[in-house]
Protein chains: 2
Amino acid sequence: MIDDIFAASSAAFIQYKNIPASTKADFLEKIAEILEANRPTIVPLAVEESNLPEGRINGELGRTTGQVKLFASMVRDGSWLEATIDPGDSHREPLPKADIRRMLIPVGPVVVFGASNFPLAFSTAGGDTISALAAGCPVIYKGHPAHPKTSKLVAECINQAVVESKLPDGVFIHVEGGIEVGQALVKHPAAKAVAFTGSFAGGKALYDLAANRDEPIPVYAEMGSVNPVFTFPEKLENELVPLAQSYVSSLTLGAGQFCTNPGLIFVPKAFEIPFEAAVADAIKDLAGSPMLHPGIAKAYYESISYYQTRNELKWIKVAGPQHEIHGSPAIASISAADWLSDDAFQQEVFGAFALMVVYDSPNELMEVAKKLHGQLTITLWGDIAELKLHAALINLLEEKCGRLLFHGVPTGVEVGYAMQHGGPYPSTTDSRTTSVGSGAIKRFARPIAFQDMPQELLPDALKNENPLKIVRQVNGKFTVEKIK
Amino acid sequence: MIDDIFAASSAAFIQYKNIPASTKADFLEKIAEILEANRPTIVPLAVEESNLPEGRINGELGRTTGQVKLFASMVRDGSWLEATIDPGDSHREPLPKADIRRMLIPVGPVVVFGASNFPLAFSTAGGDTISALAAGCPVIYKGHPAHPKTSKLVAECINQAVVESKLPDGVFIHVEGGIEVGQALVKHPAAKAVAFTGSFAGGKALYDLAANRDEPIPVYAEMGSVNPVFTFPEKLENELVPLAQSYVSSLTLGAGQFCTNPGLIFVPKAFEIPFEAAVADAIKDLAGSPMLHPGIAKAYYESISYYQTRNELKWIKVAGPQHEIHGSPAIASISAADWLSDDAFQQEVFGAFALMVVYDSPNELMEVAKKLHGQLTITLWGDIAELKLHAALINLLEEKCGRLLFHGVPTGVEVGYAMQHGGPYPSTTDSRTTSVGSGAIKRFARPIAFQDMPQELLPDALKNENPLKIVRQVNGKFTVEKIK
C-alpha cells in the first residue's frame with residue numbers, strides 16, 4: 001500500500017514538475033476557490049473536531065486560502081526560482097568560459113504531517129502542503145487523528161482541484177493511519193522531504209528516522225518553543241499594566257495552544273510585586289477554555305502537576321481542578337538563579353501556563369541568554385534607550401531565535417515575504433528555513449545548473465529572451481533584462 | 001584542548017559576526033594578498049606534498065585567491081543577505097500589520113575538513129573556509145594529513161591577515177590531528193556546521209555523527225561521484241574521434257583525481273567498435289602519472305583488481321602493473337544489461353578508471369536513468385534534434401544531478417554566481433547547497449526576522465535608508481529604493 005502511494009506520487013512528480021507556472025498557479029487558486037465554496041461545511045466540522053471557536057476557525061480558513069493565494073502569486077511571479085545566469089565567453093583566455101545557468105527545481109514527493117492546533121492553516125491544505133505543491137512537488141499528506149473528518153473534507157477539495165486542473169491524481173494523496181503509517185511514509189525510498197508541525201518528541205523521532213535512512217532526507221519539523229519575553233525597567237515604569245494585560249492575553253489566546261505562545265517572561269526584581277499583581281489581576285477571571293482534545297488537556301494538567309512538586313515556584317495563579325477538556329490558565333514565578341539551575345524549567349508546556357522569572361541584574365540576563373534553548377521567537381519589551389544599553393544581550397539573543405520582537409506579542413504570525421517562522425534547535429530541526437511565509441517554498445527545492453544547454457532545451461526561466469519576465473541574477477546583478 | 005578551541009571560536013564569533021561588511025571584505029582581500037605574496041613558498045611545498053605538477057598548483061593558487069576575491073566582492077555588495085522587508089501598516093483592519101524585516105545571519109563556529117586532491121582551492125584557504133568567513137562565521141580548520149606543511153603555511157597566511165585586520169584570533173583556528181580529533185570537533189556542542197570534501201565513507205561518517213548529536217547540525221559533505229557521460233548516435237556520427245579524445249583527456253586529467261572525473265560513459269551499440277577504437281587510441285600512450293599519496297595509489301589498484309575479477313567486463317586498456325605512486329589509466333566496457341544488474345558498477349574509483357557502458361536502445365537508457373545514483377554532474381553529448389527526442393530521459397536525469405552539461409567535459413568547475421557543485425545523495429549530503437561559487441556562502445547562514453525593531457537598533461541592511469545600497473525585497477519586489 002505504501003509502495004502504491006509512492007508509485008503514484010513519483011509518477012505524478014515527473015509530469016507535475018514540468019507543467020507551466022501559470023497552470024500551477026491556476027491549480028492553487030482553484031484550491032482556494034473550492035475551499036472557500038465549502039466554507040459552510042468545513043467550518044462547523046473543524047469547530048466540532050478542534051473545540052476551537054467558530055470565529056477563530058473562520059479566520060483560520062481565511063488565513064489558509066490567503067496562504068494559497070500568496071504561493072500562487074509567487075509561482076506566477078517566478079522570482080523564487082533564483083534564476084542565475086553566468087553567460088559564456090568563447091574568447092576568454094587561457095580557456096573559453098562555459099555558459100552556466102542555475103535555477104531551483106522541485107525535490108520530489110514530500111510527506112507532510114499536519115498539526116493538531118491548526119486544523120486548517122497548518123494541516124491538509126496548510127502552509128506545508130501548499131508550499132510543496134507550489135514548488136512543484138507532489139504531496140503525501142498524513143491526516144491528523146485529532147480532526148479526521150475535516151482533513152478528509154479538505155483533501156476532497158484539493159483532489160477536486162486536481163481533477164478540474166487535469167493534473168495526475170498522484171499530485172495529492174491523503175493517507176490516514178497511526179504512527180506506524182507515518183514512519184513507513186518517512187522511511188520510503190521515494191520520499192524526498194518531510195514537513196511536520198507538532199511536539200518535540202514527534203518531530204525529533206521523524207528527524208532521526210530520516211537521518212538514518214539509506215538516503216538521508218531533510219525533515220522540516222517545527223516543534224515549538226517557550227518564546228521568552230524579556231522586560232526592562234523603563235518600559236515597565238511607563239506601561240506596566242497594559243504590558244501585563246497584553247502578556248496574559250497572548251498567553252491564554254486559543255487556550256495557549258500556539259507554537260508562539262509566550263510561556264516564559266523575565267521581569268526585573270524591582271517590578272516583581274507590581275507586575276505579579278497586574279498579571280494576577282488580568283488572569284484571575286479567565287475561565288479555562290476547551291483544549292483541542294482530551295489527550296492534550298491531560299498532558300497539560302500533568303505538566304502543571306509536575307511544576308506543583310517544584311518548591312522553587314511561587315504560584316501567582318494556580319490552575320483550576322483538572323478537567324477532561326478545559327485547560328485552566330496558570331502562572332508561577334521563580335528566581336532567575338533557580339531557573340538557571342535546571343533545564344527542566346525550559347520545557348514547553350502546551351497550554352496557557354507560564355513561568356515568570358525574576359532577575360536581579362543585567363549580568364543575570366546574560367547568563368540566561370547563554371543558557372536559553374533555541375526558540376521560534378524572543379520578545380524584548382524595553383525603551384529604545386535602555387535596549388541600546390543591552391546591545392550585548394540582544395547580540396546573544398539573536399543566536400537563540402528565528403524572530404526577535406520589539407513590540408506586541410509573538411502570537412499572531414504574519415504571512416508575508418519577510419516572515420521567519422523557524423529557529424535554532426530544538427524549536428525546529430532546520431533553522432535555515434521557515435514554515436510560514438513565502439520562504440517556505442524553498443524547503444522543497446534544490447538548485448540545478450545547466451552548462452552550455454541549447455536555448456531550445458532550456459527551461460523558460462533561463463532562456464535568453466526571459467519569456468517569464470522574471471528577476472534574474474546575470475553576472476551577479478539582479479535584472480529583468482534579456483541576455484544578448 | 002577541543003574545549004579551548006571552541007571557547008576561542010565562540011568568543012570570536014560574537015565579535016566577528018558584527019564587524020562591518022567592508023572590514024570583512026578587506027580582511028578577505030588581505031588573505032588573497034598575503035597568499036599571493038607567499039606564492040614562491042606555497043607552490044613548491046604544495047607540489048612536494050601532492051605530487052601535482054607545478055603548473056597545476058600555480059593555477060590552483062590563482063583559483064584560490066580568485067575565490068577569496070569573489071566572496072570579498074559579495075560581502076561588499078551585500079545582496080547575498082537576502083534582506084527582505086514587509087513594512088508595517090498601523091491602519092490595517094481588523095488588526096494593525098507589524099513591520100517585519102528579515103536577513104541572513106551567520107550560524108556560528110564552522111568546522112572545515114580539507115580535501116586531499118586540492119591542497120589549496122579546497123583546503124585551508126579553500127572555498128569552504130572562505131565562504132564561511134565571508135558569511136561571518138569563525139572557522140576551525142582540520143588540516144589534511146596529506147599536505148601538513150602546505151596547510152600550516154596557508155594557515156599562517158590567514159592568521160597574519162587576522163592580526164593585520166585586528167580581528168580576534170579565534171576567527172581562524174588551524175587544528176592538526178587524526179580521525180579522533182576530527183570527530184571530537186564535529187561532536188562539540190559549540191560547532192554549528194561542518195564542511196567536508198572527500199570520500200563517501202568519510203563524509204557519511206561525519207554526517208552520522210552530526211545527525212546524532214544532542215543538537216543535530218548540518219554537514220555539507222561533497223563526496224564525489226562517477227559523473228556519467230551519455231552519448232547519442234547523431235553526435236557520434238559527426239564527432240566520434242574528437243569526443244573520444246576529449247573524454248580520455250578529462251578522464252586522465254590530474255591522474256583522474258577530481259570529484260567531477262567522468263568515470264562512466266554510455267555509448268550506443270552501433271558505435272561500440274569505433275568508439276572503443278578511438279578511446280584505445282587516445283589512451284594507449286598515456287603513462288601513469290603520480291597520484292596524491294601512496295595510500296590513494298594503493299586504493300586505486302585495489303579497485304582495478306576488483307574489477308579484474310568481474311567477467312562482465314571487457315578491457316579496452318588494462319592498467320599497468322601496480323605502482324607505489326603512479327596511477328596507470330584503465331578503461332573497460334560492459335553491456336548496459338550487466339551494468340544494470342549490480343550496483344557495484346556504480347562505485348566511484350578515485351583515479352583514471354572508467355567503465356564504458358554499451359546500450360542497445362533508448363529504453364535501456366531510461367532504465368539506467370532510473371537506477372543511477374545521485375551525481376555531481378551528468379553530461380549529454382547529443383545533437384539538438386536527437387536530444388529533443390530524449391526529453392523524457394533528460395527529465396529523469398535532472399533528478400540525478402546538480403549540473404547537467406551539453407558540451408565539454410565535467411572537469412574544470414567554473415567559479416561564479418550560477419555554478420552548482422553539489423548534487424543528490426550520495427554525491428553530497430545536502431543537495432540544496434553548492435560548495436563552489438557564490439551560493440556556497442548560504443550554507444553558513446540562517447534567516448532571522450526583526451519585528452517592529454526601532455530604526456536605531458536595526459542592522460544597516462534593513463534600515464529604511466538602505467545605507468548599504470543593497471538589493472532588497474520590499475513587499476515582494478526587488479529594489480534598491482529606500483523605505484519611506
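# A walk through a predicted two-chain model

Strand 6 of chain A, residues 193-197, is mostly covered, since five of its five residues are buried, where a residue is buried if 20 or more other C-beta atoms, placed from the backbone, lie within 10 Å of its own, exposed if 12 or fewer do, and partly exposed in between. Strands here are DSSP runs of E with at least two residues, helices are DSSP runs of H or I with at least four, and both are numbered from the N terminus. The model is predicted, and in it local features need pLDDT of at least 70, side-chain atom pairs count only at pLDDT 80 or more, and totals for chains, interfaces and linings use all residues. Residues are numbered from 1 along each chain as its sequence is written, while chains are lettered from A and ligands numbered from 1 in the order in which they are written.

In a regular strand the side chains alternate between the two faces of the sheet. Strand 6 of chain A is covered on both faces, with A:Ala193, A:Ala195 and A:Thr197 buried on one side and A:Val194 and A:Phe196 buried on the other. Its neighbours can be followed through pairing, for which DSSP must find at least two bridges between two strands. Strand 3 of chain A (residues 110-113) runs parallel to strand 6 of chain A and is joined to it by four bridges, with A:Val112 standing opposite A:Ala195. Four bridges also join strand 6 of chain A to strand 7 of chain A (residues 219-222), again in parallel, and here A:Val194 stands opposite A:Val219.

Chain A as a whole is divided into domain 1 (2-223 + 432-479) and domain 2 (229-405), with bounds that come from an automatic or database domain assignment. The centres of these two domains of chain A, taken over C-alpha atoms, are separated by 35 Å. Eight residues from domain 1 of chain A and 10 residues from domain 2 of chain A make up the contact between them, two residues being in contact if their C-beta atoms, placed from the backbone, lie within 7 Å.

How many residues of chain A are in contact with chain B? There are 55 residues of chain A in contact with 55 residues of chain B. Strand 17 of chain A gives the most to the side of chain A that touches chain B, namely six residues. That side divides into 26 nonpolar, 16 polar and 13 charged residues, where Ala, Val, Leu, Ile, Met, Phe, Trp, Tyr, Cys and Pro count as nonpolar, Asp, Glu, Lys and Arg as charged, and the others, Gly among them, as polar. Across the two chains, strand 16 of chain A pairs in the parallel sense with strand 17 of chain B (residues 445-451) over three bridges, and A:Arg403 has B:Ala449 as its bridge partner.

The loop between strand 16 and strand 17 of chain A holds A:Thr429, which counts as buried because it has 27 C-beta neighbours inside 10 Å. Leaving aside residues up to four places away in sequence, A:Thr429 touches A:Gly203, A:Tyr207, A:Val219, A:Tyr220, A:Ala221 and B:Pro216. A:Pro426 has its place in the loop between strand 16 and strand 17 of chain A, and the peptide bond from A:Tyr425 to A:Pro426 is cis, with omega near 5°.
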